[in-house]
Amino acid sequence: MKWNVPNGLFYTETHEWAKEENGSVVEVGITDYAQDKLGGVVFVELPEEGDVLSKGESIAVIESVKAVVDTYAPVTGKVVEVNRELEDRPEALNEAPYEEGWILKMEMENRQELEELMEQEQYREHVIKQEEEEQ
Amino acid sequence: MSRFHYLPLTDEERAEMLNDLGINSVDELFTDIPKTVRFSGEMELPPPLSESEAVNHLAELADRNYHLQENPSFLGAGVYDHFVPAAVKHVLGRSEFYTSYTPYQAEVSQGLLQSIFEYQTMICQLTGMDVANASMYDGATAVAEAAVMSCNVTRRDKVVVSRSVHPAYRQVLQAYFDARDFRLEEIPMKEGTLDGEEIEAQIDDQTAALVVQNPNFLGMLEDYNGLAEMVHGKGALLVAAVDPISLPLVKTPARYGADIVAGEGQSLGNFTSYGGPLLGFFAAREKFARRMPGRISGQTVDTEGRRGFVMTMQTREQHIRRGRATSNICSNQALNALAATVYMASLGPQGMKEVASLCLQKAAYLREKIESLTGYRVVYPGPYFKEFPVMVPGAPEELNQRLLEAGIIGGLDLGRFYPELENSVLFCVTEKRTREEMDKLVHELEGWK
Amino acid sequence: MRKEKALLFELGRPGRRGASLPPVDVPEKPLEELLPPEMQRETPLDLPELSEGEVMRHFTELSHRNFGVDSGFYPLGSCTMKYNPKINEEVAAFPGFTHLHPYQDDATVQGALELFYLAEQGLKEVTGMDRISFQPAAGAHGELTGLMVILAYHRSRGEKRKKVLVPDSAHGTNPATITMAGCKAVEIPSDERGLVDLEALKQNVDEDTAGLMLTNPNTLGLFEEDIDQIARVVHDVGGLLYYDGANLNAVMGYARPGDMGFDVVHLNLHKTFSTPHGGGGPGSGSVGVKEKLIPFLPYPVLGKDGEGNYYWNHDLPQSIGKIHSFYGNFTVAVKAYTYLRMMGAPGLKQVSRDAVLNANYLMNRLKDYYYLKYQRTCKHEFVISARQIKKNYGVGTADVAKALLDYGFHPPTVYFPLIVEEPLMVEPTETESKETLDDFAEAMKKIVSLAQKDPEQVTSAPHNTVVGRLDELTAARYPRARWIPEE
């Protein structure tokens, strides 16, 4: 597969990833597949620290030159940190979507929601299926 | 032979094309219009005119109007009779500019994109702000969109506007707000300027913005000492509508803390045009760039590192963000902005300063002469820029009728908009008014009543 | 052919002037006497200083770096880039029009008011509506005005409806306008015919529906054949029908929005009625309404008294208010009126006939080289797709557009409507000759060949323009919207 899908992360159908950190905090971003489809990221509209969001709600808005897409919360929770570096260097999201390109960290309300998400293999299949549908 | 000289297709060509399509008549291309909505017969319109007949007809309509080239005018109130250098017409007349559209294909629109970039720069230079857009419809809608933007940025739904702001701007604000369930409140005037004491009371943590105008509608320069601090202290934005002609002499809105500047740019190289097309200009602080409405031209490079210009931050706009766009604006007043660009480039800093000074000095002259007449009184102490309200000894309508008979277009009847200013007239003096014209006006005023 | 161009700020020298002013002819007072020091400008005014000749050379050079309808074929779909008659420019420049002040007494501008009146009568006939307002300054402005009128109408009947329906093929201004009007946009999918899915429409209307915004023909250039039923479905729930007049060029003399069931209409005078686009404006988005909506129009509204005198009527208690400082873009209305008088009914009908013939002819010439999703008669515009070329050679719509620039054509609209993949929306208009269409078709054909043989030539286009392909990505990431002097 031409896109990177690291092991150990959780994935949503809408191409976000969630990485478990200490306590009930998860780090959230978009996948390599998503950033590739989006093209060069121009601007990221981040939420405010303290915002409470439900699973599936729009948490950030990502702009490329010709498109605007929503990023959806993989789990319900409270935003505890946002990646301010994206304000200065939005291209970090393209260059390193799983590392410097992380978008925010949230405090999960219910770990169950995380376990309902896809893991590496399932997500890979999901991407393959999406690609086929587009042909 | 076609009598419609804008349509190149000859009957021969049409026949060839129909043949290519395998049909016999163009009517076959309209069968998708159901009979129930098909228009039958011919539209009832006057028969087509040839070019010279059209010119005669339009000339006859134009001739029936008293206009500013024939009659010196003392009307201002948002639209002004300023000098327009001949060069403006010659640049605007270049059809590469006026027959083009929005520069979506940047590589063949560098002319327009660069001139917009120059326009944006000069608006910033005049106002002191960081970023300007390529134009809005007019001063009123520019102010209305500034107010809407403030609500979006602060996530609040109330805007406070000074009653000394142009009545039309307040009316347009009201209409835009009525549609959104935003609230508009007015701050009263005191002695012809915004009431400083009232402001503190009315601006609270629900207020998105305070909208002011300087010089205000009555031509008076307002005192904004401490205003921005107070407004910002409540988490609100300061929106200032300004007269670009005044800016070479008057303190810039950037210096008195404005966050957004909007206003009427018609004075910069455009004619009064019976109120349209006008030129709304819009500028803001850097941090608000991505929240601004309207097109913005930005500098970039091509594949070989050559400087060029493109429409930038297009994701704010309707063609990309659609329902979540910063505004629905698509077509703007591009050609009028080009006129402004040519105007500012032609006058330069010295010329613009001279225009401002001439307006200031001449208005002061007229003011002094009118003050010396019995029965006439300049309503408030000022200071004034290029217009001022005068209490007159009778009905302004009658006065203006008399002035018209003397070949002068008199000022605006203020009683129309401010009940407390019944029998007051707003006189405007631009750099185009000569001493003779002003003396003649004073003579007529003296002779009346 | 590649050439950079200096900015105004990089030209000129301190001390140069490009305009002259008369000397002050009144006794001069010291500045502080008229303008208190604390109200005076503090920072120097940093504008360029050029002679008149330098100004003219600068803008003349800029005009050479710009492409308009007078430069060449400009088939921008949805924009109706027809030829702009020069007589329009001549008459709109009469001082009797340009040198009028909007606050002049009505009695002194009877010629202007009569023009508004006559223009209104003409547009009423073309659209089948009962009153026209020229106040909106652009199409989007007209949309907002029209929606406000619709909402005011519902409010007058004690109803606060908040939903407005739009087809998924709608122009971006439609949903953006809906948001500005404080409503929620509900998208109705298009069916396999490319038209509004009637079933989906029926499922989505209810008592919260303020109206449906539609353009007919739609953005695919296809006539909404079910318009009768569509109108009925919306009217049955008490909603109103709004007509986006962007595509009126296709049906003049054949169908009128007023007869199709539309309650509110906006026209784009800068599209259908030949007024120039001006590089992005000024346009005019005149709004037409049916009788029951007249009370809600923006004020003032034109009146005519018993003696035939025209006046502005400000007494409209149910009006939505003002949406422009004055009466709209008057000199644009002058141009549109001139065109209307020169074309008359037979001319306008011929316009639509030739516009539709040109579009179908061109579509037929292109369909063998570009994918045509809707294989049926179009009206004045059509949408082709570069999806096969993208798939096979990696050359997409944007690349085709850039390659066209090298052939001296302005490209069609790209990336709209969103419901077609890699779309190119082509609107030739009636003012183009058969040979121009043939040349364009030839160029489009050549681009496909080139894509096949040497795709890199296409993806690196344009080559013959004053600048190469421009980096929009960096411009959007790190916007530089003004010139800053280098230190």
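In this predicted model, 189 residues of chain B are in contact with 206 residues of chain C, contact meaning heavy atoms within 4.5 Å. The area buried between chain B and chain C is about 17,400 Å², and carbon and sulfur atoms give 62% of that area; buried area is the accessible area (1.4 Å probe) that two parts lose on being put together, summed over both. On the side of chain B, the residues that lose the most area to chain C are B:Tyr6, B:Tyr274 and B:Arg322, together 6% of what that side buries.

The rule finds 15 salt bridges across the interface of chain B and chain C, a salt bridge being a side-chain nitrogen of Lys or Arg within 4 Å of a carboxyl oxygen of Asp or Glu. One of them joins the side chains of B:Glu304 and C:Arg2 (3.7 Å, N to O). Helix H11 (residues 334-371) of chain B gives the most to the side of chain B that touches chain C, with 26 residues. Helices (H or I, at least four residues) and strands (E, at least two) are DSSP runs, numbered from the N terminus.

Within chain B there is an open sheet of seven strands, in the order E1-E9-E8-E7-E6-E2-E3, with mixed pairing; two strands pair if DSSP finds at least two bridges between them. Strand E1 (131-132) and strand E3 (183-187) of chain B stand at the edges with a single partner strand each, so one side of each is left without a neighbour in the sheet. E1(B) pairs with strand E9 (residues 280-284) of chain B in the antiparallel sense over two bridges, and B:Val131 stands opposite B:Ala284 in E9(B).

Helix H7 (residues 167-180) of chain B lies across E2, E3, E6, E7 and E8 of chain B, at about 155° to E3(B). Such angles run from 0 to 180 degrees between N-to-C directions, with axes fitted to C-alpha atoms, for helices over the stretch in contact.

The loop between E2 and H7 of chain B holds B:Ser164. This residue counts as buried because its relative accessibility is 1%, and buried means under 20% relative accessible area (1.4 Å probe, protein chains only). Residues that B:Ser164 touches include B:Met189, B:Gln213, B:Glu222 and B:Tyr418.

Residues are numbered from 1 along each chain as its sequence is written, and chains are lettered from A and ligands numbered from 1 in the order in which they are written. Local features need pLDDT of at least 70 and side-chain atom pairs count only at pLDDT 80 or more, while totals for chains, interfaces and linings use all residues; side-chain values use heavy atoms, with hydrogens and water left out.

Methods:
Buried < 20%, exposed > 50% of the residue type's maximum accessible area, 1.4 Å probe, protein only. Lists of a residue's contacts leave out its neighbours within four places in sequence.
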